[in-house]
Amino acid sequence: MRIVVLGATGNIGTSLVDALVADPRVTEVVAVARRPPTQLGAGSTPVRFRAADVTADPLEPLFEGADAVVHLAWAFQPTHRPLTTWEVNAVGSARILAAVGATGVGAVVYSSSVGAYSPAPGRTVDESWLTHSQPTSTYGREKAYVERTFDAFEARHPDVRVVRMRPAFVFKKTSGPEQRRLFAGPLLPPPLLRPGRLPAQPFPAGLRFQALHSRDAATAFVTAALGDARGAFNLAAEPVIGGAEVAGITGGRLVELPPALVRAGLAAAWHLRLVPSDPHLFDLVMGLPLLDTGRARSELGWQPRISAVDALRAAVAGMGEDAGQPTPPLAGST
């Protein structure tokens, strides 16, 4: 099988390429990203890198002869220029689906997110829960829009097998530097995140979230791309993470703060361009539901091998050690 991976040099993408080249059913992986990696994939299956921008470059030549396209391409920044992320995420996704339809690709697997779900703090939801997200959040608004784009595509192309993965927070050690840059910025230097360096661990009171390791996410994506599954699948590992688990990883004493205070500080820092994450993303995270992963376990036979706490611990270690990977998104300090 010939599989095209868009966004192949990122967190899930690098793990997915590794998993695909290890699968004997795969004869070729076409890895697509804007910037070339130093190294990508390690196995007997050939990995062919193609540089392409989903907002402008022709995608049909990349998809010709593909059995499945995996869409992982997504821009989180710049949060101060939402039209830029809209062009990549909303317009780029529409261009990807148009190319899939034009070239007769049999399947498309899209990495949606827990962030696509409508707010339901403390509630556990399955894949039928509404995907209108938090519209004040740029990230959520774009995830919800792309869900509607896929709805329209499925109605027009019932012959194409469409799979939507909705993972919780995805971590691995080599994603740590990228995630620190994307969400915390330069005010959180890597050495501060080494265990025991933080005497106190501030944490928004009431926040609970789910996570999984990038390798476990990749396993689910491979099954979806190579199998016959259709529809949406929630992905998350146990346990649910709260302040105690985060403090246990960093080694600091847990200090719970009122969410309104955290939001006010984040909003001030964002407006001063001191941090890249905007306060509306914080609102989205505080309102996230918990994911019921029963469908992925029963229909995909998926079982995460790494706990949510260990996945987060790996990413925090990667942040502290500045342990990236030889691709532009995952590189160490830049």
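**View 1. Helix H7 and the glycine that follows it.** Directly after H7 comes Gly251, a residue with a positive phi, near 85°. The model shown here and in the other views is predicted. H7 covers residues 243-250, and its buried residues are Gly243, Val246, Ala247, Ile249 and Thr250. These buried residues fall within an arc of 160° when seen down the axis of H7, so they line one face of the helix. In an α-helix there are 3.6 residues a turn, so residues three or four places apart point the same way. Ala244 and Gly248 are exposed, on the face of H7 turned away from its buried side.

**View 2. The open sheet S8-S10-S12.** Three strands make up this open sheet, in the order S8-S10-S12, with mixed pairing. S8 and S12 are at the edges and have a single partner strand each, so one side of each has no neighbour in the sheet. From one strand to the next the twist averages 35°. S10 and S12 are paired in the antiparallel sense, over 2 bridges. Within this sheet, Phe209 stands opposite Ile241 in S12.

**View 3. The ring pair Phe169 and Phe209.** The two rings form an edge-to-face aromatic pair, with 5.4 Å from centre to centre and 85° between the planes. Phe169 belongs to strand S8 (residues 169-171) and Phe209 to strand S10 (residues 209-213), so the pair ties together parts that are 40 residues apart in sequence. Phe169 has a relative accessibility of 29% and counts as partly exposed. Phe209 has a relative accessible area of 11%, under the 20% limit, and is therefore buried.

View 4. All 7 of the 7 residues of S7 (residues 161-167) are buried, so the strand is largely enclosed by the rest of the structure. Arg161, Val163, Met165 and Pro167 point one way from S7, while Val162, Arg164 and Arg166 point the other way. Strand S5 (residues 107-111) pairs with S7 in the parallel sense over 5 bridges, and Ala107 stands opposite Arg161 in S7. S7 also pairs in the parallel sense with strand S11 (residues 231-235), again over 5 bridges. Here Arg166 stands opposite Asn234 in S11.

View 5. The structure has 7 aromatic pairs. In one of them, Phe76 and Tyr139 have ring centres 5.6 Å apart and planes at 10°, so this pair is stacked. Phe76 is in the loop between strand S4 (68-71) and helix H3 (82-103), and Tyr139 is in helix H4 (residues 138-156), so the pair ties together parts 63 residues apart in sequence. Phe76 counts as partly exposed, at 34% relative accessibility, whereas Tyr139 counts as buried, at 18%. Ring pairs link Phe76 and Tyr139 with Trp74 and Phe183 into a cluster.

**View 6. Charged ends over rings.** At Trp74, the charged end of Lys143 sits over the ring, 3.7 Å from its centre. At Phe233, the charged end of Arg295 sits over the ring, 4.2 Å from its centre.

Key:
Residues are numbered from 1 along each chain as its sequence is written. This is a predicted model: local features need pLDDT of at least 70, side-chain atom pairs count only at pLDDT 80 or more; totals for chains, interfaces and linings use all residues. Side-chain values use heavy atoms; hydrogens and water are left out. Buried means under 20% relative accessible area, exposed over 50%, partly exposed in between (1.4 Å probe, protein chains only). Helices (H or I, at least four residues) and strands (E, at least two) are DSSP runs, numbered from the N terminus. Two strands pair if DSSP finds at least two bridges between them. Rings of Phe, Tyr and Trp (its six-membered ring) pair if their centres lie within 6.5 Å; planes under 30 degrees apart count as stacked, over 60 as edge-to-face and the rest as tilted. A charge sits over a ring if NZ of Lys or CZ of Arg is within 6 Å of the ring centre and within 35 degrees of the ring normal. The arc is that of the directions from the helix axis to the C-beta atoms. Axes are lines fitted to C-alpha atoms, for helices over the stretch in contact, and angles run from 0 to 180 degrees between N-to-C directions.
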